[in-house]
Amino acid sequence: MDNQIQNPKPSDEIDLLELFNRMGKAIKNFFNWIIKLFNSFILLIIQKSLWIIAFAIFGGFVGYFFYSNTPRFYSSEMVARSNSMDNNVIINSINLLNDLFENKNYTALGSYLGTTAAKAAKIKSIEAFYGIDLNKDKITDYVDYDKTYNPRDTTKKRLTDIFYLRINVFDETIFPSVRDGIKRYISTNPYILQNNDVRIQQTESLIEEYKNEIKKLDSLQKVQYFEVPKMQKAGNSQMVVLNEKEAKLYHNDIINLYNRKLSLEKELSINPDPITVIQDFTQLSKAENPLIKFLKTWVLIFAILGFITSIIWQLRGKIWLLIKDRQY
């Protein structure tokens, strides 16, 4: 017979079912190891709970000590818009005041803010910050309070037409005078005032130019609609056919210029001053450094320190042998 029965050859391919079974067991063993490790850690925490609690209580006393020896301060923020220039000049001008705080030059501060040196000494800080835009929609995504902005980072952009002003004071009673003083300090800056005057003059001049252009277009439109047809009817009919042009509509041009004029008039009406306050200073409702803030920090630090100390105490014999035998 020509047909011969051929025995199946052994396959060199990997048994996928066996591979998946091994992968499943490996994943299962990994998660079991994670669970055991977590359980062991919880048991270790329970075993060392006395150390952790004792150190945490001591951390609470330390936190209360620092709280008692640290003056309370209150914070208020304002959001404003610069109408005459970018924020760079205004923010730098405000932050110059903060340099005076760091140098404790309260006499100069009182002079700038229109208050006394004694009241200026009760101010903790006055700082201005930029808003940061992350998705290029010209909307602030966060305020750069920590001043971490990097100009080389192309994913972030500073907004130059809005700034954020924050005042920290140790005494709530001086806040009204400080609030009014900082507003006066910004609005009476000669350079800012000059730029704002130029902005108003240029805007008013542009509004007048828009008005003149609107009148010209309106007159031209009347000529096209009324005068030209009369002249065409009075002339030779053949010449009318040869010289007649299609009348142009000026409605869209007039409306566009009119909208621009209205926009500029609105700008002058709403924002006549160098600075427009978008959100005025918030009320001083609570202290920025309350007792709970100190307790959270120091209790956590000492609880971790207690856990580490308990481990070192448990392994003190082995550690001593390593140090003694110089096997480290």
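Author: Isoleucine 132 lies in strand S2 (residues 123-133), where strands (E, at least two residues) and helices (H or I, at least four residues) are DSSP runs numbered from the N terminus. The model is a predicted one, in which local features need pLDDT of at least 70 and side-chain atom pairs count only at pLDDT 80 or more, while totals for chains, interfaces and linings use all residues. Residues are numbered from 1 along each chain as its sequence is written, and side-chain values use heavy atoms, with hydrogens and water left out.

With a relative accessible area of 0%, isoleucine 132 is buried; buried means under 20% relative accessible area, exposed over 50% and partly exposed in between, with a 1.4 Å probe and protein chains only. Leaving aside residues up to four places away in sequence, isoleucine 132 touches Ile139, Thr140, Asp141, Tyr142, Asp144, Tyr149, Lys156, Lys157 and Arg158, a contact being heavy atoms within 4.5 Å.

Lysine 136 is exposed, at a relative accessible area of 70%, and lysine 138 counts as exposed at 71%. Phi of lysine 136 is positive, near 60°, and lysine 138 has a positive phi of about 60° although it is not a glycine. As background, most residues other than glycine have a negative phi.

Elsewhere in the chain, arginine 199 is found in helix H7 (residues 190-234) and counts as buried, at 12% relative accessibility. Beyond residues up to four places away in sequence, arginine 199 touches Asn83, Ser84, Glu267, Asn271, Pro272 and Asp273.

Helix H3 (residues 87-102) and helix H4 (residues 106-113) pack at an angle of about 150°, with their axes 8 Å apart; axes are lines fitted to C-alpha atoms, for helices over the stretch in contact, and angles run from 0 to 180 degrees between N-to-C directions. That makes H3 roughly antiparallel to H4, since angles over 145 degrees count as roughly antiparallel, under 35 as roughly parallel, 65 to 115 as roughly perpendicular and the rest as oblique. The contact is made by Leu97, Leu100 and Phe101 of H3 and by Tyr106, Ala108, Leu109, Tyr112 and Leu113 of H4, and by class it has eight nonpolar, no polar and no charged residues (Ala, Val, Leu, Ile, Met, Phe, Trp, Tyr, Cys and Pro count as nonpolar, Asp, Glu, Lys and Arg as charged, and the others, Gly among them, as polar).

Helix H2 (residues 49-68) and helix H10 (residues 291-314) pack at about 145°, with axes 7 Å apart, and the residues of their contact divide into 19 nonpolar, six polar and no charged.

As for the whole protein, there are 11 helices and five strands, and 28% of its 328 residues count as buried. Among contacts with a separation of 6 or more, 79% join residues 24 or more positions apart.
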